[in-house]
Structures are given as C-alpha cells and as structure tokens.
Amino acid sequence: MRLNKTIQTIKPSGIREFFDIAATMPDALALGVGEPDFATPWYIRNAAIKSIQKGYTAYTSNRGLHELCVAVTEYLDDRFGVKYDADKEVIVTVGASEAIDLALRVLVDPGDGVLIPSPSYVSYMPITTLCGGVPVPVACPEECDFRITPEHLEKAAEGSNARVLILPYPNNPTGAVMKEEDYAALLPVIEKYDLSVVSDEIYAELTYDGKHVSVPSVPGYRDRTVLINGFSKAFAMTGWRLGYTAAPPDVTSAMLKVHQYTALSAPTPSQYAGLAALKEGKEENYRTIDEMREEYDRRRRYLVAALGEFGLKCRMPGGAFYVFANVSGVGMDGQRFARGLIKAEKVAVVPGDAFGEAGRDYVRISYATSLRTLMQATERMKRFVSDNKNG
C-alpha cells in the first residue's frame, strides 16, 4: 500500500530503541524510559476498581467527567495559583501526549513555524510535522543551564514564520527549570512575534529547589497559553493514560472538536482514578508526591556525584528525573556511547540526539529507578568509561 509521504519522513523514537534492546538482555539495567518506579497508590487503584464494579464503563462526556474537570481546576489553583473555568477551559485527554497533539493541531496552519527548545521531548517535532508545521529549534545550551533565553528565542524566531512557542519545563531530557523572571524576560519577544504558547508542565510536581512556576501564572501569559499536564509522572499513573488541557475558551472549544473526532473521551475507569487522586485522597496524595520527590532528590544527588567521580560532568537537574551527561570527554558522541555501553556493560541510556541535534554529545540517564540499581549501573558505566579512556 502507498503510505503518506509525511509519515515516511518521521523517524521512530530514539528512546524506545534502547529500551527494547535492554528488554532482550538478561541482567540489563534500563535507565532509559521516563517512567516512575513507584506503583500507583492503592486508594487510586481502588477507585478505578470500584467504578468498574459499579458498571461505570460507558463513555463520559467528550470534555471528561465534570467532577474531574472541577477537581483539575481546584488542583491547579491550589498547587500553582492558576484559575480556570471547569466548564469552558478544561479537557480531560488520553495522556498529556494527546493534549500536545490537540494544542498543535488547533494552533498551527501549514507552513507555520513552531519554536521548540533544543534539546527537549522527542514528540514535539514529529507532531509539528504531522500538523503541517515547521519545527524551529531554539538553542538552549548547557552554559545557559539548558534554559531558553530571550536572545536565543529572538534569533530563532526572526524570519521563521513562527506562530507557536513550546515551553517544556521542567525539561525532559535536561532537568532544566525556569523561574518567573526567566519567563518574564521572554515576554517582549513573545509579544513582538505574537506567539501562542504551549506549556508542557507534566513534571511540575518534580521540582526540587523552590516551587514550580506555572507559565499561565506569570503576568502576560494566561490568555495566550495552552497549559498541558497530567497524572503520569507525579501520580505514578503512566499506564492509565490520563492528562488534561487548560486554555482560554476559544482554544478549548477548537481542541474539543478534534478530541471528539479522534479520542472521543479518556478511559472512564482512569478518570475515576484521577478523581480519587485529586479529590478523595487529596492530603494523602500530596504526602505521596512529597515522598516521591524526596526519593528522586536523593537519587539525583547520588547520580550526579557518581558520574562526576569518573569524568562524566553534568549539571544538577532542577526538575524531572533525568541527568543529561556530556560524554564528549570519553571521545564519543551520545550514539556511540549509548551503543557501546549497552553492548559492553548491559546498561541502557538514551543518546542525546534523540531530543534534537543539540544533544548529540550527551546521553540521558533516568533516575526513576532504585538507588541500588543506580549504584550497579554507575559501577558498570565507570568500568566502560575507564576502558574507553585508556583504550
């Protein structure tokens, strides 16, 4: 059969390749896929079980359970100080991934530029291409702590026909975070080019130093921003496929049209689970989030220190659960390092160029695994680095 030409230009995810290789190797240690190693708390699982037992297995409204939409607005206000109307500005989606797709579909016309910080999450560029847009990388070099700056944004936006800016903080893969003053500094450039903003805040609860700054809470942003978040990272609910958008009514109405004709509605048992996470076990859930964050914090500090001891220098990530390590000192780029490491030591990491060409000299290492596994992995990595430096 004849395939769509655009689809043929899109490469498979560089993350999954190394995870799949590790799955075939006995004793392999996978530090690749960004998934919490915590199980979904029982009170959340029980809510889904009870919903099935009660026969709540039909479609919900396209927008999602009304009670869940209300709970989302209360959560966003409570945790991040942003207010939304549950009836006009929220859609429950099939994970944050669908939310990204919805936002770009309604904001991008063919030929429009989409400004994407580089490096960042693997899906932004392919989804932009599928929408007929043109991905425009915005350099976020290590010397800027992998943050987007007004200077780099201006340089990328000029002459690019840019219409949309993606702000993905805390960032995957770098762990970079942005403060309110960082966002405020970008606003003159955003206003100059009249950019719409897509703020992917899926790692919001995993901010280690200070409190997460939600983009629409910053003066000047709310009316031009689509906020994206979900339950996968902070609530350990990756497989439940539950996310949401919060945006001005006209944008929400447009996204709802696409959602109606594609996903229809998010899985009903997952929505009841999400409602329990935000409402029934609110205080317990916040404690669970704090406990997970504290554990991730221990791991990130161990990993950065351990890597530094054998020459893989990397910045301390301020959020998410990844370290972005520069491997050029070993005489390799990220691809050679990752392929050599999994072959020689059975440790899977992700080459940095999976997140854009700016990451070619890096590898992403996830610390969403036990400290014991991290210790075993760093011992193997130390041996691999030593063998290759000496070789």
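1. A residue is called buried when its relative accessible area is under 20%, and exposed when that value is over 50%. The structure is a predicted model, and the points below should be read accordingly.

2. Helix H12 spans residues 334–345, twelve residues in total. From its first C-alpha to its last it reaches 16 Å, close to the 16 Å expected at 1.5 Å a residue. The buried residues of H12 are Gly-334, Phe-337, Ala-338, Leu-341, Ile-342 and Glu-345. They lie on the same side of H12, because they cover an arc of only 120° around the axis. An α-helix has 3.6 residues a turn, so residues three or four places apart point the same way. Arg-336 and Lys-343, by contrast, are exposed on the other side of H12.

3. After H12 comes Lys-346, which has a positive phi, near 60°.

4. Three strands form an open sheet in the order S9-S12-S11, with antiparallel pairing. Strand S9 (322–326) and strand S11 (350–351) are the edge strands, each pairing on one side only. Strands of a sheet pair through backbone hydrogen bonds, either parallel or antiparallel. Five bridges link S9 with strand S12 (residues 362–366), whereas two bridges join S11 to S12. As to individual positions, Phe-324 has Arg-364 as its bridge partner in S12, and Tyr-322 stands opposite Ser-366. Pro-351 has Val-363 of S12 as its bridge partner.

5. How many of the residues of S12 are buried? Five of its five residues are, and the strand is thus described as mostly covered. Tyr-362, Arg-364 and Ser-366 point one way from S12, while Val-363 and Ile-365 point the other way. In a regular strand the side chains alternate between the two faces of the sheet.

6. Ala-204 is located in the loop between strand S6 (196–200) and strand S7 (225–230). Its relative accessible area is 3%, so Ala-204 is buried. Leaving aside residues up to four places away in sequence, Ala-204 touches Phe-80, Pro-170, His-212 and Asn-229. Ala-204 and Leu-374 are 170 residues apart in sequence, and their C-alpha atoms are 24 Å apart in space.

7. Two cis peptide bonds deserve a check. One joins Ser-118 and Pro-119, with omega about 10°; Pro-119 lies in the loop between strand S3 (113–118) and helix H6 (124–130). Another joins Tyr-169 and Pro-170, with omega about -5°. Pro-170 is found in the loop between strand S5 (162–167) and helix H8 (180–192), and it is one of the residues that Ala-204 touches.

8. Most residues other than glycine have a negative phi, and most peptide bonds are trans. Asp-27 lies in the loop between helix H2 (14–23) and strand S1 (29–30), and at 60% relative accessibility it counts as exposed. Arg-241 likewise has a positive phi, of about 55°, although it is not a glycine. Arg-241 belongs to the loop between S7 and strand S8 (243–246), and with a relative accessible area of 31% it is partly exposed.

How values were computed. Residues are numbered from 1 along each chain as its sequence is written. This is a predicted model: local features need pLDDT of at least 70, side-chain atom pairs count only at pLDDT 80 or more; totals for chains, interfaces and linings use all residues. Side-chain values use heavy atoms; hydrogens and water are left out. Helices (H or I, at least four residues) and strands (E, at least two) are DSSP runs, numbered from the N terminus. The expected span of a helix is 1.5 Å times one less than its number of residues. Buried means under 20% relative accessible area, exposed over 50%, partly exposed in between (1.4 Å probe, protein chains only). The arc is that of the directions from the helix axis to the C-beta atoms. Two strands pair if DSSP finds at least two bridges between them. Contact means heavy atoms within 4.5 Å.
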